[in-house]
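Visitor: I would like to learn how to read pockets and aromatic pairs in a model such as this one.

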Amino acid sequence: MTISTDLLADRADLIAPLTRLMEREWADWYGTGQASARHDLEQRSVRDRLPLGIVAHLDGGLAGTCALTETSGELVTDRRPWIGGLLVDPACRRRGVARSLLNRAIVEARKLGFGRLFALSAHARHLFEAEDWQLIETITLDGEPHGIYMVETA
């Protein structure tokens with residue numbers, strides 16, 4: 001089993017399959033017309049600024065994506081950058097794909113000059129804790145507790 005990562009900017013051929021994955025897995029957001037997965041992915045197809053897209057491959061096949069973003073949804077804060085859109089294809093889960101995406105995101109944040117990277121999550125607590133991200137705050141969004149996690153990039 002081999003996991004590799006690339007910048008989305010180097011894999012424009014993956015925008016269409018990533019669009020389908022995002023629309024399928026996040027139908028409540030992308031399937032309602034509130035947002036466009038293709039537009040979000042096209043904005044992330046850069047190398048030297050935010051938002052910066054990252055893709056993962058498992059044994060050569062598309063496995064997942066994430067991005068370094070300026071903000072975390074509607075959360076108002078001075079903290080930046082954030083992990084956004086962390087998504088692993090259900091067929092590829094529990095194989096280290098999310099870990100590989102997080103590790104590549106740390107490298108890319110460092111290259112962009114950021115000393116810290118943040119994440120907001122209601123359901124991936126075990127992933128962030130296993131990867132030594134620090135829980136720095138717990139907030140309630142839409143009646144559900146969310147952890148704000150931080151990792152040093154240096």
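The dialogue below takes up the pocket and then the rings.

Guide: This is a predicted model, in which local features need pLDDT of at least 70, side-chain atom pairs count only at pLDDT 80 or more, and totals for chains, interfaces and linings use all residues. Residues are numbered from 1 along each chain as its sequence is written, and side-chain values use heavy atoms, with hydrogens and water left out.

Visitor: What volume does the largest pocket have?

Guide: A pocket is an open set of points on a 1 Å grid over the protein atoms alone, where a 1.4 Å probe fits, with protein on both sides within 12 Å along at least five of seven lines; lining residues have an atom within 4 Å of a point. Here the volume, the space filled by probe spheres set on the points, is about 1900 Å³. Of the 42 lining residues, W26, G85, L86, L120 and S121 are the closest to the centre.

Visitor: Which strand gives the most to the lining?

Guide: Strands are DSSP runs of E of at least two residues, and helices are runs of H or I of at least four. Strand 4 gives the most, with six residues.

Visitor: How many aromatic pairs are found in the whole structure?

Guide: Rings of Phe, Tyr and Trp (its six-membered ring) pair if their centres lie within 6.5 Å, and planes under 30 degrees apart count as stacked. The search finds four, among them the stacked pair of F128 and Y149, at 5.1 Å centre to centre with 15° between the planes. This pair links distant parts of the chain, helix 5 and strand 7, 21 residues apart, and both residues are buried (under 20% relative accessible area, 1.4 Å probe, protein chains only).

Note on methods. Phe/Tyr/Trp six-rings, centres within 6.5 Å; stacked < 30°, edge-to-face > 60°. Buried < 20%, exposed > 50% of the residue type's maximum accessible area, 1.4 Å probe, protein only.
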